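The sequence and the structure are shown below.

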Amino acid sequence: MKIGAMDKRIVLLKPIVEHDDYGGQTTDYIKADEVWAMLMQTNYSEQQAQGTPMNRSQLRFKIRPRHDIERGWRVKYSGNNYVVDVVDNTFRDNTSIIVHSLESGV
């Protein structure tokens, strides 16, 4: 992976589940790290072949290898929030993350 191509700064947000006094729970997100990433074009035909849900508002980032990121984490990029859909640690020199935009409300 070309380090010079990692020209986007993203913030990784880890979910923390907190239980309240009434038997419910809330999810807060804390900053896990701020890393450099490479923004890549999402390959929709590859996703369709694997049966993965597709969304045109998806982004694909490549970052240095990390094994702690999981589905459900959030990514903040360019002032927008995204939810992690897929984490791919297939290659030992990078981690690929596919995210979709988070729409507030509803």
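Arg9 and Glu34 form a salt bridge, with their closest N and O atoms 3.6 Å apart; a salt bridge is a side-chain nitrogen of Lys or Arg within 4 Å of a carboxyl oxygen of Asp or Glu. The pair links distant parts of the chain, as Arg9 lies in strand β1 and Glu34 in strand β2, 25 residues apart. Strands are DSSP runs of E with at least two residues, numbered from the N terminus.

The model is predicted: local features need pLDDT of at least 70, side-chain atom pairs count only at pLDDT 80 or more, and totals for chains, interfaces and linings use all residues. Residues are numbered from 1 along each chain as its sequence is written, and side-chain values use heavy atoms, with hydrogens and water left out.

**Salt bridges**

The whole structure contains five salt bridges, and three of them are set out here.

| Pair | Closest N and O atoms |
|---|---|
| Arg9 and Glu34 | 3.6 Å |
| Lys31 and Glu34 | 2.9 Å |
| Arg66 and Asp33 | 2.7 Å |

Arg9, Lys31 and Glu34 are linked in a network of salt bridges.

Accessibility is described with three classes: buried means under 20% relative accessible area, exposed over 50%, and partly exposed in between (1.4 Å probe, protein chains only). Arg9 is partly exposed at 35% relative accessibility, and Glu34 is likewise partly exposed at 31%. Lys31 has a relative accessible area of 52% and is therefore exposed.

**Barrel and strand pairing**

Six strands form a closed barrel in the order β1-β2-β3-β6-β5-β4, with antiparallel pairing. From one strand to the next the twist averages 40 degrees; axes are lines fitted to C-alpha atoms, and angles run from 0 to 180 degrees between N-to-C directions. Two strands pair if DSSP finds at least two bridges between them.

The antiparallel strands β2 and β3 are joined by three bridges. Met38 stands opposite Lys62 of β3, and Met40 has Arg60 of β3 as its bridge partner. On pairing with β6, β3 runs in the antiparallel sense over six bridges, with Leu59 opposite Val99 of β6.

Strand β3 is mostly covered, as six of its six residues are buried. In a regular strand the side chains alternate between the two faces of the sheet. On one side of β3 are Gln58, Arg60 and Lys62, on the other Leu59, Phe61 and Ile63, and all are buried.

**Nonpolar core**

A nonpolar core is a set of buried Ala, Val, Leu, Ile, Met, Phe, Trp, Tyr and Cys residues joined through side-chain atoms within 4.5 Å. The largest such core has 15 residues, of which Ile10, Leu12, Phe61, Ile63, Val75, Ile97 and Val99 touch the most other members. At least two residues of this core come from each of β1 (8–19), β2 (25–40), β3 (58–63), β4 (74–77), β5 (80–88) and β6 (95–101). The largest share, three residues, is supplied by β3.

Contact means heavy atoms within 4.5 Å. Apart from its neighbours within four places in sequence, Ile10 is in contact with residues including Asp33, Glu34, Phe61, Ile63 and Val75.

Methods: Helices (H or I, at least four residues) and strands (E, at least two) are DSSP runs, numbered from the N terminus.
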